[in-house]
Amino acid sequence: MKSVTSWFKRLSVSDHRRAQRTKSPLLVAYYWDGAAPTSRTIQNISSTGFYVVTKERWLPGTMVTVTLQRTDMAHENSGTEPHISVAVKSGPS
């Protein structure tokens, strides 16, 4: 019975993310929730997704358009856009 218990414990605490995450990236997120868009903190990001700190809890599979904006560069004279809009699907909570 102990092996089954330890298996469940490992399953519940393991991190199922597929890619290595970078903590505290120099990005903020904007999305429209019916009110004026405000910047949201991105806690971490990887090649397969990112974690946006919000008060809202989206249902898994919810599609949202999010604009990611760099916070480390000024827009003028940079030669590149400091933001990108992406369609995202929320994951499990």
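Here is a short chat about reading the core and some contacts in this predicted model.

Me: Before we start, what should I know about the numbering and the model?
Reply: Residues are numbered from 1 along each chain as its sequence is written, and side-chain values use heavy atoms, with hydrogens and water left out. The model is predicted, so local features need pLDDT of at least 70 and side-chain atom pairs count only at pLDDT 80 or more, while totals for chains, interfaces and linings use all residues.

Me: Which residues make up the largest nonpolar core?
Reply: A nonpolar core is a set of buried Ala, Val, Leu, Ile, Met, Phe, Trp, Tyr and Cys residues joined through side-chain atoms within 4.5 Å. Buried means under 20% relative accessible area, exposed over 50%, partly exposed in between (1.4 Å probe, protein chains only). Here the largest core has 10 residues, including Leu27, Tyr31, Val64 and Val88. Strand E5 (63-70) gives the largest share, three residues. Strands are DSSP runs of at least two residues, numbered from the N terminus.

Me: How many aromatic pairs are there?
Reply: Rings of Phe, Tyr and Trp (its six-membered ring) pair if their centres lie within 6.5 Å; planes under 30 degrees apart count as stacked, over 60 as edge-to-face and the rest as tilted. There's one pair. Tyrosine 31 and tryptophan 58 have ring centres 5.1 Å apart and planes at 80 degrees, so they're edge-to-face.

Me: Is tyrosine 31 buried or exposed?
Reply: Tyrosine 31 is buried, at 4% relative accessibility, whereas tryptophan 58 is partly exposed at 29%.

Notes. Helices (H or I, at least four residues) and strands (E, at least two) are DSSP runs, numbered from the N terminus.
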